[in-house]
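Please examine the sequence and the structure shown below.

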Amino acid sequence: EQDVQLGKESAAEVEKQMQIVKNSQIASFIDGIGRKLAAAPEAEAQTYAYSFKVVNEKSINAFALPGGPTFTHTGLIAAADNEGQIAGVLAHEISHVVLRHGTSNVSKANLLQIPAMLGGALGGGGMLGQLAQLGVGLGANSLMMRFSRGAETDADLLGTRILHRVGYNPIEMARFFEKLEAESGKQGKLSEFFASHPNPGNRVKKVQTEILLLPKRSGAYDADSGRIAQVKQA
């Protein structure tokens, strides 16, 4: 419940600071992918308040706040080769929400203050304001948004299960992250992404191994809506 409350407050701040894309073609495309992923049992949609919005930002990134609000940069849509790669990033971000990586980081760093902070928040003050007093902000360097290599691997593996479940090929997630890693030296658009999402190494191999452990699908991976070319143009 506290994750969801913190996510709502944080999302409201993000929407003040970043330009939300209103174009219905782009917004519905990302929301449609997100809804498919959130329908997987592993996403625990009955617990978390997922939402999927696009922000007008050329850097290649996406991020999920505690409790479920998820934001995709237009730069990520432009950089993806196919819909499965976008779905892979969103499944990875959903996994950070389910595994509570952001709030776990904050809790570890502020073990003594957190109980008092929650008492203050329950007394009517906002949780985001209480966290700000502890020096936990919303920026790219925020504790809520920085993950360890171990957390990245965990999010990859849970993301693999979510993608497989709803009909996207999980290997596209690993391929996209490795493509970004290969291109990271060429441009500044990726510095924020790798600051908060360190490469755990051998992503493709780890995802391939995880796929072998999953139940066999009765048919092909068929979740792709076929809309990515139109959306990239938009």
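## Tyr 50 and the nonpolar cores

In this predicted model, Tyr 50 touches Arg 35, Ala 38, Ala 43, Ala 45, Gly 67, Gly 68, Ile 94, Val 97 and Val 98, when residues up to four places away in sequence are not counted. Tyr 50 also belongs to the largest nonpolar core, which has 46 residues. Together with Ile 30, Ile 33, Leu 37, Ile 86, Ile 94 and Phe 176, Tyr 50 is among the members that touch the most other members of this core. Helix α4, residues 83–98, supplies the largest share, 8 residues.

Another core, of 7 residues, lies apart from that one; its members include Val 14, Phe 63, Leu 65 and Phe 71. In soluble globular proteins, nonpolar side chains tend to be buried together.

Strand β3 pairs with two strands described here. With β1, residues 51–55, the pairing is parallel and has 5 bridges; there Phe 52 stands opposite Thr 70. With β2, residues 62–64, the pairing is antiparallel and has 3 bridges; there Phe 63 is the bridge partner of Phe 71. The hairpin of β2 and β3 has 4 residues between the strands, and Gly 67 in this hairpin takes a positive phi near 85°.

Most residues other than glycine have a negative phi. Glu 44 is not a glycine, yet it has a positive phi of about 55°. Glu 44 is placed in the loop between α2, residues 24–38, and β1. Is Glu 44 buried, partly exposed or exposed? Its relative accessibility is 29%, and Glu 44 therefore counts as partly exposed, since buried means under 20% and exposed over 50%.

## The packing of α9 and α11

Helix α9, residues 171–183, packs with helix α11, residues 203–213, at an angle of about 175°, and their axes are 9 Å apart. The two helices are therefore roughly antiparallel to each other. From α9, the contact is made by Ile 171, Met 173, Ala 174, Arg 175, Phe 177 and Glu 178; from α11, by Arg 203, Val 204, Val 207, Gln 208 and Ile 211. These residues divide into 7 nonpolar, 1 polar and 3 charged.

Methods: Residues are numbered from 1 along each chain as its sequence is written. This is a predicted model: local features need pLDDT of at least 70, side-chain atom pairs count only at pLDDT 80 or more; totals for chains, interfaces and linings use all residues. Side-chain values use heavy atoms; hydrogens and water are left out. Two strands pair if DSSP finds at least two bridges between them. Axes are lines fitted to C-alpha atoms, for helices over the stretch in contact, and angles run from 0 to 180 degrees between N-to-C directions. Angles under 35 degrees count as roughly parallel, over 145 as roughly antiparallel, 65 to 115 as roughly perpendicular and the rest as oblique. Contact means heavy atoms within 4.5 Å. Ala, Val, Leu, Ile, Met, Phe, Trp, Tyr, Cys and Pro count as nonpolar, Asp, Glu, Lys and Arg as charged, and the others, Gly among them, as polar. Buried means under 20% relative accessible area, exposed over 50%, partly exposed in between (1.4 Å probe, protein chains only). A nonpolar core is a set of buried Ala, Val, Leu, Ile, Met, Phe, Trp, Tyr and Cys residues joined through side-chain atoms within 4.5 Å.
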